[in-house]
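Look at the model below with a pencil in hand.

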Amino acid sequence: TAVNEDLATEILELKEQRNAVILAHNYQIPEIQDIADYVGDSLGLSHKAAEAEEDVIVFCGVHFMAETASIISPDKTVLIPDLDAGCSLADSITADQLREWKTQHPGAVVVSYVNTTAAVKAESDYCCTSSNAVGIVESIPEDKEILFLPDKFLGAYVEMITGRELNIWQGACHVHEKIGELNLAEKQKEYPDAEFLIHPECGCSTSCMMKSAMYFDCKDGHVHSTSGMLNRAKESDAEEFVVATETGILHRMRKDSPEKKFYAANEESVCDYMKMITMDNLRDALKHKQFEVKVPKELAEKAKVPIDRMLQVG
Ligand code: 13P
Ligand code: SF4
C-alpha cells in the first residue's frame, strides 16, 4: 500500500542520514526482511556486525543479538527498535546459576549458546551458534569436561553428532520445544514426499535424527541453523519441504524458490519477541536513535573472549 511504501522510503532516507546498516534475523516479519541490508542467522549476523563500516547498526532481532553486536563492535551505536524483544532461551539461565554450576564442576570448559545474556557469556569459555556448535565442541580436547548451556535439545543433538558426553543445562526455547515428534509424524503422513528441515532447538531434533527415515519414513531429514535451512531449501532437488522452526523463515524460502512448496511443521511456531520489531518502530529507532544497547566495558571485554572464539570456528 501507499502508506507502507512511504514508510519504507522514510526508513531508507533515515538510514542514509544516520549512516546506518539494518541487520535482520531470518524470523523477522517479511517487510523487515525486505528492507534489511542483510538477513541471516545468529552467526552470519555476528559476522556482519563485526564487518560493518557504518556508524550505526540497527538490529532487527532480539536483545541478546544486539548485545552481541555491541560487544563485537564497541565503537558503533547499536540500536534495537524494541527493548522488550527478549528470548525465553536466554532467560533460562542467569550468571549466578552458571557460577554455581561451575563450582560443582571445577576445571570444566563452558560452552554457551549465543542465546544468552552478556553476563552469562562473560562466565563462558566458548560461545557457539546452531551452525558451529558441533565444530566448537569438536575443537575442545577430549579429556576436558564440558558444560553446555542453556539449550537441552541443541545439547543432545551435539552429543549425538560428536559422540562426546556433555553436561547439559535443561533450558529450552518456548517456541521450538513445542515442535515435537507428533507434529512431524502428522506432517509426514500429509506430505510423504517432503524433505524435512529441522532446527536443532526443536524438541524433536534428536529423536528424529536417531529414528531417522525408519520412524518417520520421511524421504530425507536435515538439522540446520536457520540460514543452513535456507541454503538447503535452495540446493535440494526436493519439491516439497516441511520446515520445523519459527514460521518467519518461510518468507525467504518461498521468495528464493517460488516453484517449491514449503509447509510449517507447526503453524503456531511464532516467536512473539521476534515479531515485536515493526516498520513503525524501525523508523522510530532511526529517527530518534533509540534504543541503544550498550554493554558496560568491563563486562563486554570478558564476554568478547568466547564470542571471538565462536567467530573463529565457522
Ligand atoms: P539461528 O542462529 O539458527 O538463526 O537461530 C537463532 C534462534 O534464535 C533460533 O531460535
Ligand atoms: Fe529465543 Fe526461541 Fe525466539 Fe529464537 S525463537 S529468539 S530461541 S524465544
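Ser42 sits in helix H3, which spans residues 42-51. Helices (H or I, at least four residues) and strands (E, at least two) are DSSP runs, numbered from the N terminus. Ser42 is buried, because 27 other C-beta atoms lie within 10 Å. The scale works like this: a residue is buried if 20 or more other C-beta atoms lie within 10 Å of its own, exposed if 12 or fewer, and partly exposed in between, with C-beta atoms placed from the backbone. Leaving aside neighbours within four places in sequence, Ser42 is in contact with Met65, Val114 and Thr129. Contact means that the C-beta atoms of two residues, placed from the backbone, lie within 7 Å.

This is a predicted model: local features need pLDDT of at least 70, side-chain atom pairs count only at pLDDT 80 or more, and totals for chains, interfaces and linings use all residues. Residues are numbered from 1 along each chain as its sequence is written, while chains are lettered from A and ligands numbered from 1 in the order in which they are written.

**Ligand 1**

Ser42 is one of the residues around ligand 1, and others include Asn26, Asp41, Cys173 and Glu201. Here a residue is near a molecule if its C-beta atom, placed from the backbone, lies within 6 Å of it. The shell divides into one nonpolar, seven polar and two charged residues. Ala, Val, Leu, Ile, Met, Phe, Trp, Tyr, Cys and Pro count as nonpolar, Asp, Glu, Lys and Arg as charged, and the others, Gly among them, as polar.

A "binding site" annotation in an unreviewed UniProt entry covers Ser42 and His199, among others. UniProt positions follow the numbering used here, feature names are shortened, and annotations may be inferred rather than shown by experiment. His199 lies in the loop between strand E9 (195-198) and helix H10 (205-216). Beyond four places in sequence, its contacts include Ser130, His176 and Thr226.

**Ligand 2**

Ligand 2 is surrounded by 13 residues, and the closest are Cys87, Leu89, Cys173, Val175 and Cys271. Its shell has eight nonpolar, three polar and two charged residues. Another UniProt "binding site" annotation (unreviewed entry) covers Cys87, Cys173 and Cys271. They span 185 residues in sequence, yet no two of their C-alpha atoms are more than 9.4 Å apart, so they gather at one spot.

| Residue | Other C-beta atoms within 10 Å |
|---|---|
| His199 | 29 atoms |
| Cys271 | 22 atoms |

Cys173 lies in the loop between E8 and helix H9 (181-190). Cys271 is in the loop between strand E12 (261-264) and helix H13 (279-288).

**The sheet**

Which strands form the open sheet, and in what order? Four strands do, in the order E6-E5-E7-E8, with parallel pairing. Strands E6 (126-128) and E8 (167-168) stand at the edges with a single partner strand each, so one side of each is left without a neighbour in the sheet. Two strands pair if DSSP finds at least two bridges between them. Four bridges join E5 (residues 109-113) to E7 (residues 146-149). Val110 has Leu147 as its bridge partner in E7. E5 is largely enclosed by the rest of the structure, because four of its five residues are buried.

**The core**

The largest nonpolar core has 90 residues. Such a core is a set of buried Ala, Val, Leu, Ile, Met, Phe, Trp, Tyr and Cys residues joined through C-beta atoms within 7 Å. Val58, Phe59, Val243 and Ala244 have the most contacts inside it.
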